[in-house]
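A reader new to this structure may wish to know what lies behind the words used to describe it. The questions below take some of those words in turn.

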Amino acid sequence: MAGLVPAIHVLFGDEVEHVDARHKAGHDDVRVCGAGCKVMAEFLQLVFSGLTVGAVYALVALGFTLVYNASDVINFAQGDFVMIGGMGTVFLMAAGVALPFAVLIAVVAAVLVGLLLHRLAIEPARGASPVALIMITIGASIFIKGVAQIVFDKQFHSLPAFSGTDPIAIGGATILPQSFWVIGGMLALVFGLWLFLERTLIGKAVLATAANRLAARLVGINVTVVLALAFGLSAAIGAVGGVLVTPITLTRYDVGTLFALKGFAAAMVGGMGNPIGAVVGGLLIGLMEAFGAGYLSSTYKDAVAFVAILVVLLVMPQGLFGRRSVERV
Amino acid sequence: MLKTLLSSRLAVLLLLAVVIALVPVLAPSSFYLRVAALVWVFALAALGLTILMGYAGQVSLGHAGFLGIGAYAVAIGPARLGLDPLLSLVLGAVLCGLVAYVVGKPILRLKGYYLAIATLGFGLIVALVLTSEGAITGGPDGMQVPRMTVLGWRVSGIQTWYWITGGALLIGALLALNIQASPSGRAFRALHDSEIAAAGVGVDVASKKLAAFVISGVYAGVAGSLLALMNGFITPEAAGFMHSIELVAMVIIGGLGSVVGTVVGAAFLVVLPQALTMLHEYEQAVLGLLIMAFMILLPAGIVPSLRRLVLERVR
């Protein structure tokens with residue numbers, strides 16, 4: 001366990017303190033069982049951590065997918081919505097707003113930022129090259145971080161856990177109640193998004209636009225509105241993810257960059273543009289990172305995602321669930 | 001006549017040489033000389049990207065990684081291995097070329113967004129290694145770079161470094177212009193326009209892309225070495241994400257594929273933070289806003305847009 005603790009500590013500052021406290025209190029499940037069981041407990045602990053961060057990566061990847069499908073734009077500011085959700089809630093709660101309202105206002109703020117981004121930066125640059133669009137959204141990301149450090153501050157912040165901090169023991173490992181919030185929230189959002197896309201007229205308009213923009217326009221779908229909707233929705237999904245995970249991983253004005261990169265890695269591993277791929281990819285990246293940190297090196301856990309995408313891209317460039325693309329001349 | 005003058009290689013080099021010679025005359029204090037030297041260094045690094053992005057049409061969001069490798073080569077070589085600083089610079093450049101070859105060979109098969117993310121990941125990993133291997137690199141606090149001595153002459157002082165960096169930029173510009181006019185340069189432009197068409201007329205697409213990537217890596221590495229030697233100190237931030245983005249922004253804001261544009265873009269992005277020191281808090285917000293504004297309003301970049309304006313006037 002000794003080698004594992006610092007590794008997990010990097011991943012989850014809080015959780016380890018609880019594990020440590022349990023060690024001291026003497027009711028340590030790990031010690032009652034044999035060596036094989038201990039290995040199993042370690043493994044399970046890493047699975048829990050991996051699934052929790054992975055759920056957030058999945059949400060960011062889902063946001064990428066939504067925007068990419070509707071507009072062929074990779075929005076590098078996607079991770080900053082996670083930050084806006086977390087930081088906004090932290091500061092609203094500090095101002096005395098109750099948690100549910102703080103969350104609501106923070107998510108609405110993120111949606112507004114997403115809509116403004118679409119209206120002021122993406123819409124005017126329609127038809128620009130991928131490199132130009134990359135630079136525009138990276139510029140937007142830098143701008144959002146720049147404004148966030150003025151509006152908020154440059155410190156790390158946390159939120160109180162939604163339903164207590166008593167870790168729940170499962171098979172010798174422990175899991176924080178907040179992890180259930182994160183994973184459950186992710187599943188609920190995915191299900192909600194599926195309902196929206198498959199069961200509502202507006203959702204079907206989004207799908208139609210993703211399938212073929214010109215054809216969608218020809219059947220009377222207002223493509224501009226659909227694109228704005230995609231940006232707003234992806235912002236909301238990212239912000240909710242940020243709110244859910246902040247009690248575990250802390251937040252700061254610049255956490256968006258790594259969330260964006262790993263969310264993108266997740267979307268790519270799963271196959272760009274495939275929502276199920278995004279979720280599976282997110283969980284996979286989270287798990288690989290946790291195992292990398294636990295068994296190999298916690299210092300290089302941020303490199304895991306990139307090594308993973310390099311391998312996936314080179315072995316199967318279309319990702320796990322993507323369609324093979326053929327370049328037309 | 002004006003058009004041929006504007007696009008001639010000699011005119012570009014002359015223009016650069018005149019500007020480099022004039023700055024010390026006009027600069028009121030050594031502070032301005034220092035800023036100008038920084039412009040030359042970053043312009044040199046960005047010139048590599050001009051070859052990669054502007055000529056060959058391949059994007060890299062991780063070029064600060066090469067900057068970092070070059071910078072740490074002249075810090076680690078003399079301080080930890082007892083190597084001569086000048087030799088370290090050369091070895092750093094060779095190392096950058098090798099790393100670019102090894103990394104570029106697999107990832108240059110990717111295109112567009114995928115290539116952008118893969119290169120971004122490369123830059124991130126270099127920064128991570130430089131930050132984490134504290135025993136060798138001094139960790140996040142960085143390390144001192146020993147002063148360079150060449151044949152017993154101790155290279156120091158901003159005056160000296162101004163001329164060294166200015167000279168390096170001129171050499172870099174000469175090479176870039178020659179590459180552009182060479183058969184390889186034409187092959188680069190062919191694959192920029194259409195890889196399939198380029199392959200169709202017999203361009204070895206993979207090896208040409210790799211060549212452009214290696215050349216651009218060496219440019220950034222040499223610039224990184226000069227930056228570290230000039231500052232006498234280096235931190236892993238040199239290889240950071242923001243630097244990679246700034247390098248790409250220099251190339252695009254100045255004008256993709258234009259040597260003069262690259263220098264203008266570098267000047268713009270190096271001078272801007274100096275001008276904004278009073279508004280230090282807003283620096284990041286302003287930088288982000290400017291990148292967006294240029295991409296949306298002036299996608300061709302400053303120099304090509306100006307050139308078109310001038311040519312239209314004349315006509």
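Q: What makes the length of α5(B) close to the expected one?
A: In this predicted model, α5(B) has 23 residues and reaches 32 Å from its first C-alpha to its last, which is close to the 33 Å expected at 1.5 Å a residue.

Q: How do you know which residues F42(B) touches?
A: Two residues count as in contact if their C-beta atoms lie within 7 Å, and, leaving aside residues up to four places away in sequence, F42(B) touches A223(B), M250(B), A266(B) and V270(B).

Q: Which residues touch the most other members of the largest nonpolar core?
A: Of the 218 residues in this core, they are A58(A), A265(A), M268(A), I309(A), F42(B) and A223(B). The largest share of the core, 19 residues, comes from helix α4 (residues 35–71) of chain A.

Q: How many residues does each chain bring to the contact between them, and what kinds of residue are found on the side of chain B?
A: The contact takes 34 residues from chain B and 36 residues from chain A. On the side of chain B that touches chain A, α5, α6, α12 and α14 of chain B each supply at least two residues, with the largest share, 12 residues, coming from α6(B). The residues of that side divide into 28 nonpolar, 5 polar and 1 charged.

Q: How do residues 247–273 of chain B come to be called a transmembrane region, and what does the chain form there?
A: The name comes from the UniProt annotation in an unreviewed entry, which covers residues 210–235 and 247–273 of chain B among other spans, and such annotations may be inferred rather than shown by experiment. In the model, residues 247–273 are 85% helix and 0% strand, with end C-alpha atoms 14 Å apart, while residues 210–235 are 85% helix and 8% strand, with end C-alpha atoms 29 Å apart.

Q: Where in chain B is the predictor's confidence highest and lowest among the elements?
A: Helix α11 (residues 205–231) of chain B has the highest mean pLDDT (92), and helix α1 (residues 2–7) of chain B the lowest (59). For chain B the mean is 86, and 96% of its residues reach 70 or more.

Technical notes. Residues numbered from 1 in each chain as written. Chains lettered and ligands numbered in written order. Predicted model: local features only at pLDDT ≥ 70, side-chain atom pairs only at ≥ 80, totals over all residues. Helix = DSSP H or I, 4+ residues; strand = E, 2+ residues; numbered from the N terminus. Nonpolar A, V, L, I, M, F, W, Y, C, P; charged D, E, K, R; others polar. Expected span 1.5 Å × (residues − 1). Core = buried A, V, L, I, M, F, W, Y, C linked by C-beta atoms within 7 Å. Buried ≥ 20, exposed ≤ 12 C-beta atoms within 10 Å, placed from the backbone. pLDDT = per-residue confidence, 0-100.
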